[in-house]
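Please take a careful look at the model below before reading on. The questions that follow go through it step by step.

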Amino acid sequence: MIEFIIGGILVILAIVIVLWFVSIYNKYYRLKNASEATLGQIKVAMKKRLDMIDQLLGSVKSYAEFEKSTLESVTKMRASVGSAGPGDLNAIEAGSRSVLGRLFAVMENYPDLKTSQTVKDLMDSIKGLEDEIARHRYTFNNISQQFNTMLQTIPSNIVGNMIGMIKLEYLEFQDENLEKAPKIEF
């Protein structure tokens, strides 16, 4: 009789351990999939922003001769967004902010450019995308924090190490020359 009780306890304990493992395993993959989805949303928003910068460049170049390298730079950044990882997105973010900064400098020299409806509409759209990118970045970093905390705390780190999970990289989007979002209002 005692053997059946001990056997029953061991079976129940084994079931609890398996269910715990499956629960932790599923949480890791939910967080991993959420981070990938959010990263995809950031890429879409960054691509949209670069497209709008390209359109803005088209509007501005009729007022001022803009560097050919700037146009090539924007085209290169747009092409690289799709295959970029978190570290690459940090570099693309810095590059696009640099282009925006140069655009604003050109626009300051041409006051009548600021009154152009096309430019106003593009600037409003870029501001909206800046906010969208910031929200997605915040979400991505929160998901990364949850994932990394699980990976570094007991007992979930045991499951994480068993299934080969690695720490997620945070999105920082900082440029040493531009510590804040570019000012888009006139």
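Q: How far apart in helix α1 are Lys 32 and Glu 36, counted in helical turns?
A: This is a predicted model, and in it the side chains of Lys 32 and Glu 36 meet in a salt bridge, at 3.0 Å from N to O. Both residues belong to helix α1, where they are four residues apart. Because of that spacing, what separates Lys 32 and Glu 36 is about one helical turn.

Q: Are Lys 32 and Glu 36 buried, partly exposed or exposed?
A: Buried residues have under 20% relative accessible area and exposed ones over 50%, with partly exposed in between. Lys 32 has a relative accessibility of 28%, while the value for Glu 36 is 45%. Since both values fall between the two cut-offs, Lys 32 and Glu 36 each count as partly exposed.

Q: Which residue forms a salt bridge with Arg 49?
A: Side chains of opposite charge can pair when their charged atoms come close. Arg 49 is found in helix α1, and the residues it touches, leaving aside those up to four places away in sequence, include Glu 93, Ser 96, Glu 130 and Ile 133. The closest N and O atoms of the salt bridge are 2.6 Å apart, and the partner of Arg 49 is Glu 130.

Q: How many residues apart in sequence are the parts that the pair of Glu 130 and Arg 49 ties together?
A: The salt bridge in question joins Glu 130 and Arg 49. Glu 130 lies in helix α5, which covers residues 117-152, whereas Arg 49 lies in helix α1, so the pair ties together parts whose separation in sequence is 81 residues.

Q: Are Glu 130 and Arg 49 buried or exposed?
A: A residue counts as buried when its relative accessible area is under 20%. Glu 130 has a relative accessibility of 8%, and for Arg 49 the value is 0%. Because both values are under that cut-off, Glu 130 and Arg 49 each count as buried.

Q: Which helix holds both Lys 127 and Asp 131?
A: The side chains of Lys 127 and Asp 131 meet in a salt bridge, with 3.7 Å from N to O. Lys 127 is partly exposed at 34% relative accessibility, and Asp 131 is also partly exposed, at 38%. Being four residues apart, Lys 127 and Asp 131 are separated by about one turn of the helix that holds them, which is α5.

Q: Is Lys 43 buried or exposed?
A: Lys 43 is found in helix α1. Not counting residues up to four places away in sequence, Lys 43 touches Val 81, Gly 82, Ser 83, Ala 84 and Leu 89. Its relative accessibility is 18%, and because the cut-off is under 20%, Lys 43 counts as buried.

Q: Which helix supplies the largest share of the nonpolar patch?
A: The nonpolar surface patch has an area of about 950 Å², and among its residues are Ile 2, Leu 13, Trp 20, Ile 158 and Met 162. Helices α1 (2-60) and α6 (156-162) each supply at least two residues of the patch. Ile 6, one of the patch residues, is found in helix α1 and is partly exposed, with a relative accessible area of 48%. The largest share of the patch, six residues, comes from α1.

Key. Residues are numbered from 1 along each chain as its sequence is written. This is a predicted model: local features need pLDDT of at least 70, side-chain atom pairs count only at pLDDT 80 or more; totals for chains, interfaces and linings use all residues. Side-chain values use heavy atoms; hydrogens and water are left out. Patches are made of residues with over 30% relative accessible area and no salt bridge: like charges are joined within 9 Å, nonpolar side chains (Val, Leu, Ile, Met, Phe, Trp, Tyr) within 5 Å. Accessible areas come from the Shrake-Rupley method with a 1.4 Å probe; for residues, only the protein chains shown count as cover. A salt bridge is a side-chain nitrogen of Lys or Arg within 4 Å of a carboxyl oxygen of Asp or Glu. Buried means under 20% relative accessible area, exposed over 50%, partly exposed in between (1.4 Å probe, protein chains only). Contact means heavy atoms within 4.5 Å.
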